[in-house]
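Student: Hi! I'd like to walk through this model with you. Could you show it to me first?
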Amino acid sequence: MNQSQQGQEVYKIILVGDQGVGKSSILLRYTKDLFYREYNVTIGLEFASKKVTIQDNSLTLQIWDTAGQEAFRSIARSFYRNSAAIIIVFKLTSHDTFQSISGWAKDIHDNSDQGVVISLVGNMSDLESERTVSKEEAQQKAQELNALYFETSAATGSNIDDIFINTLEKVAKQLNPIRTNSEQNVRDSIQLSQKYSSQSQINQELGGKKGKQQDESKKGCC
Ligand SMILES: Nc1nc2c(ncn2[C@@H]2O[C@H](COP(=O)(O)OP(=O)(O)OP(=O)(O)O)[C@@H](O)[C@H]2O)c(=O)[nH]1
Ligand SMILES: [Mg+2]
């Protein structure tokens, strides 16, 4: 690859998982090295991009942050295509969110491209005294899914970079990694994101009940 092509390859990664497990916090920590204690529920979906270097190749990572609320699950599903990797997040302090992993994995199996890399993330490792999911059972689950496993804390930043770097390294090792290369593809994604983030979609999905204000700085891309 020559100099001018560097950074032009786009890989799409999607964060999924139950409500409140820390998907948005993981994205914010990774892209801006910030953490907010207050909970701003994600409505529809948001995304951010970041340039990374993997095995001497500079590429663009497009990370999609989906809403954990059941009402938005179908939106998440419609974004699985063209993803190089999907990251399933659960809370180490909530066994319910761990139990949900199989449902998320089925969604991925039914809606994504063959060869998509799956990673499993147990978040909130800083709350060790409240942990209800053991490392062993989580590792066992990851093995079943042929997934990488990470224990992270968006609050402290522990292992957050590793999720994306190690997942991308696994993607890069594949014979035909799934890229979302064309500008059209990126444009379509942006349009769809704006559509689903619009107020009308919020009203439609929640029957008029408004979600909390989103952090405008997190929206958009590139
Ligand atoms: N202690 C601790 N709190 C965290 C961590 N990650 C997220 N939180 C908190 O958990 C709450 C939910 O975090 P979010 O990142 O909004 O969760 P989410 O998965 O994006 O939730 P939805 O958008 O509703 O799907 C917020 O109050 C965060 O501050 C963590 O690693 N440790
Ligand atoms: Mg969120």
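Tutor: One definition first: a residue is near a molecule or strand if its C-beta atom, placed from the backbone, lies within 6 Å of it. Also, this is a predicted model, where local features need pLDDT of at least 70, side-chain atom pairs count only at pLDDT 80 or more, and totals for chains, interfaces and linings use all residues. Residues are numbered from 1 along each chain as its sequence is written, with chains lettered from A and ligands numbered from 1 in the order in which they are written.

Student: Okay, how many residues surround ligand 1, and which are the closest?
Tutor: There are 24, with Gly22, Ser24, Ser25, Thr42 and Gly68 the closest.

Student: Where does the largest share of that shell come from?
Tutor: From H1, which gives three residues. Helices (H or I, at least four residues) and strands (E, at least two) are DSSP runs, numbered from the N terminus.

Student: Switching topic: at what angle do H1 and H6 pack?
Tutor: Helix H1 (residues 23-32) and helix H6 (residues 160-173) pack at about 85°, their axes 9 Å apart. Axes are lines fitted to C-alpha atoms, for helices over the stretch in contact, and angles run from 0 to 180 degrees between N-to-C directions. H1 is therefore roughly perpendicular to H6 (65 to 115 degrees; under 35 is roughly parallel, over 145 roughly antiparallel, the rest oblique).

Student: Which residues meet there?
Tutor: Ile26, Arg29 and Tyr30 of H1 meet Ile160, Asp161 and Phe164 of H6, contact being C-beta atoms, placed from the backbone, within 7 Å.

Conventions. Contact = placed C-beta atoms within 7 Å.
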